[in-house]
Amino acid sequence: MSISREDIEKVAVLARIKVDGEQVSALEKDLGNILDLVDQLSAADTDSVEPMAHPLDAVQKLRPDVVTETNQREAFQAIAPATEDGLYLVPKVIE
């Protein structure tokens, strides 16, 4: 698959990137090589490959889920400007 000079210029306009004539030629070659590589990867037979989340069989060790701090809700709400039924009241910012 190849990419044309016009395609590169259209993408540059959409991306608001200034690309001069010399850069367009280089990009045309580089992007063409990238698209050829993608075509090669797409042609690979992956039917017998099992999907995986990670290439290594790594398992993340999790810490125990235990409460380590005391409940200070009343202390925090006592210094809040406005609360109601255990909730913080804030000014309306969106109409």
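Student: What share of the 95 residues in the chain is buried?

Tutor: Buried residues come to 7% of the 95 in this chain. The word has a cut-off: buried means under 20% relative accessible area, exposed means over 50%, and partly exposed is what lies in between, with a 1.4 Å probe and protein chains only. One caution on the source: this is a predicted model, where local features need pLDDT of at least 70, side-chain atom pairs count only at pLDDT 80 or more, and totals for chains, interfaces and linings use all residues. Residues are numbered from 1 along each chain as its sequence is written, and side-chain values use heavy atoms, with hydrogens and water left out.

Student: Why is glutamine 77 called buried?

Tutor: Its relative accessible area is 14%, and buried means under 20%, so glutamine 77 counts as buried. Glutamine 77 sits in helix α3. Leaving out residues up to four places away in sequence, glutamine 77 touches Thr83, Gly86, Leu87 and Tyr88; a contact here means heavy atoms within 4.5 Å.

Student: What makes the pair of glutamine 77 and glycine 86 a polar contact?

Tutor: A polar atom of the glutamine 77 side chain lies 2.6 Å from the backbone oxygen of glycine 86. The definition asks for a pair of N or O atoms within 3.5 Å; within protein, one must be able to donate a hydrogen and the other to accept it, and residues adjacent in sequence count only if both atoms are side-chain atoms. The distance of 2.6 Å is within that limit.

Student: Why does aspartate 85 count as exposed?

Tutor: Its relative accessible area is 74%, and exposed means over 50%, so aspartate 85 qualifies. Aspartate 85 is in the loop between β1 (83–84) and β2 (87–88). Its phi is near 50 degrees, a positive value in a residue other than glycine.

Student: What about arginine 16, buried or exposed?

Tutor: Arginine 16 is exposed, because its relative accessibility is 75% and the cut-off is over 50%. Arginine 16 lies in the loop between α1 (5–14) and α2, and has a positive phi of about 55 degrees although it is not a glycine.

Student: Why is threonine 68 called exposed?

Tutor: With a relative accessible area of 71%, threonine 68 is over the 50% mark, so it is exposed. Threonine 68 is in the loop between α2 (21–42) and α3 (73–78). Threonine 68 and serine 4 are 64 residues apart in sequence and 61 Å apart in space, C-alpha to C-alpha.

Student: How do you know how many helices and strands the chain has?

Tutor: Helices (H or I, at least four residues) and strands (E, at least two) are DSSP runs, numbered from the N terminus. By that rule the chain has three helices and two strands, in the order α-α-α-β-β.

Student: What radius of gyration does the chain have, and what would a compact globule of 95 residues have?

Tutor: The chain has 29 Å, whereas a compact globule of 95 residues would have a value near 12 Å. The radius is taken over C-alpha atoms, and the globule rule is 2.2 Å times the number of residues to the power 0.38. Along the principal axes, the C-alpha atoms fill a box of roughly 65 × 45 × 20 Å.
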